[in-house]
Amino acid sequence: MKVKNCYLGIDVGSISTNVVLMDEDKEIMAKVYTGTNGKPIEVIQEALKEIKSKVNKKLNIKGVGTTGSGRNLAAMIVGADVVKNEITAHGIAALNFVGDVRTIIEIGGQDSKIILLKDGIIRDFAMNTVCAAGTGSFLDRQAARLGIDIKRFGELALKSTNPVRIAGRCAVFAETDMIHKQQLGHNQEDIIRGLSDAMVRNFLNNLAKGKDIEAPVVFQGGVAANVGIKRSFEEALGLEVFVPPHYDVMGSIGCCLLAEEYAAKGNKTIFQGFNIINSGYDVRGIECSDCPNMCEIVEIFRDGKIMARWGDKCGKWSNLIKKDIENLA
Amino acid sequence: MSIKVGIPRGLWFYDYYPLWKTFYECLDAEVIISKPTNRKILDQGVKNTVDEACLPVKIFNGHVIDLKDRADYIFVPKMMSAYEREYICPKFCGLPEMVLHSIEGLPPLIDVEINFNKSRKNMADTIYKFGFYIIKDKRKINRAYCEALKNYRDYKNAIKKGILPIDGDLTEINGGKIYDRKIKKIMVIGHTYNIYDSYSSMNLLNKLKKNGVHIIVPEMIGFEHINRHAATLDKKMFWSFGRKLLGTSIYLAETRDVDGVIYISSFGCGIDSIIQYLFEKKSRKEGEIPFLLLTIDEHTGEAGINTRIEAFLDMIEWRKRYENNISTYG
């Protein structure tokens, strides 16, 4: 059996974790999209197991990249060569899909971003601030309230002929508005479409405020699965919106591309191998009481051996780690 | 035994502390400065402040509590106006009252009003009032103030040269290195109590330093430039802080002398809500300078701040390489 050279990209977000295996021709060999469920380590192990079982080939991982809010944890678990923020990772992935992309709209479980590009480089970006009203969690919650499956949300929105206006600024107000509209007797499709419009309005008024959105526009992230939201964006912007085929794992694809570039420079990977799926991980938390900062220190053990320690402001604990690892070795 | 004057390490602290510290020390008082902001100070402040106040005011109250049992007086002047026809944030104007009503069991406050809105004619009187808490001798107070002013000028000159008071300790921010065009030059702006308090800014300055950024603050471009540019505004900006920043933004839009601007603002700040928008409009739209707004609050989620900083630095790096026609992303 021929050994296949490939790259691994891992995106550990607040709501979902996804992993992509990409070959040297930038083809996606396998992808996994799953919920993080607050257990990132186990989920990463599970996802790697699934990737391995999907590809019936001998693999030679030449590079690994991680992104998402859990990128440092993921990097430590698998041994990553590149650890990148989500903005850069998403930007690079979209550029690979539409070379002259000018605007990227990315909406995930708990955050949303807008990235503006020109001549193939990122010129500007914004992320949502304190509130999750314009994100996937908001849609999930409203779908649950309406008693419909989130997967049907988009197609129902498209059936609407007379969308109602719903406040999109805040999930609580949106709910109040929605109940009111329901009790006036509006049909479900119109309310769903109203919600989609509200979310898009919120995104454009909040993140895109003062920014010039130009075509081509790429829409990615988990919410891009929702055709209703896509349509609302198209109508609000008056532009066509492209959803890439692997819209839900674009962060991981960006990581693969970054890992590929890193490897192309002649760097050897520090990937720990697929065997880590059989390891047992332990996490211990301690509160340091040496100063009034009372930092929450986290220690991560693999098969009883300490792997990482972080969370302190002064560096006292994290600096000790090297010595502790040497002592154990 | 000498009288102990406690100075809280918050709000105007980073702008004025060498002045007041020297002043009281020259009057033979013992000056005690509260500890650099830590979680306990923040927690205490949050617990003892009205909910609606901004984070810096809460932190200030935490510092007052830190000093409460260690000082004979706590220095909380009523800062109304530092320059003619200009004002300072309303929370500064009402600070002594706010502190008094938030915290129980306080020693007396030194809460003299500083108000130069009409003119500076009352300057001498104001200084005497501050001194009378310790001594009644006007000559001694005069002498102490002269000495204090000298120290204060040295301090301002140090900041101008890039020696910045991180947590109140003067630190050479760019390691004394001369700026090299190849590295990223970023201006950090915002209220001094947000920039220099490393706890509330989540260590922004040091994070940038670690990433090899050449950091500048508005003071380093010189007030003569800032004032000249601020004078070109359609209408006088009556907040001292706002005037300084808007002058800076016009200067930047014209000279395009930096690779990016990071604006650090505390959630709920009334002045920032206006200034930040005007600043962004000038520097981003007219000057095409990359702009990043970091909003800080009580939460300790550093991940969000780190992601934004990293992405911002990546973007600038990318842009710099593109403009110099070197390889693509990375």
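Visitor: What separation lies between the centres of domain 1 and domain 2 of chain B?

Guide: Domain bounds come from an automatic or database domain assignment. Chain B of this predicted model is divided into domain 1 (4-158) and domain 2 (163-323). Their centres, taken over C-alpha atoms, are 26 Å apart.

Visitor: How many residues does each domain bring to the contact?

Guide: Two residues are in contact if their C-beta atoms, placed from the backbone, lie within 7 Å. Domain 1 of chain B gives 25 residues and domain 2 of chain B gives 26.

Visitor: Which elements of domain 1 of chain B give two or more residues to the side that touches domain 2 of chain B?

Guide: Helices (H or I, at least four residues) and strands (E, at least two) are DSSP runs, numbered from the N terminus. Here the elements are α1 (13-26), α2 (39-47) and α3 (55-67) of chain B. The most, 4 residues, comes from α1(B).

Visitor: How many residues of chain A touch chain B?

Guide: 20 residues of chain A are in contact with 19 residues of chain B. On the chain A side, β8(A) supplies the largest share, 5 residues.

Visitor: What part of chain B counts as buried?

Guide: A residue is buried if 20 or more other C-beta atoms, placed from the backbone, lie within 10 Å of its own. In chain B, 47% of the 330 residues qualify.

Definitions and conventions: Residues are numbered from 1 along each chain as its sequence is written. Chains are lettered from A and ligands numbered from 1 in the order in which they are written. This is a predicted model: local features need pLDDT of at least 70, side-chain atom pairs count only at pLDDT 80 or more; totals for chains, interfaces and linings use all residues. A residue is buried if 20 or more other C-beta atoms lie within 10 Å of its own, exposed if 12 or fewer, and partly exposed in between; C-beta atoms are placed from the backbone.
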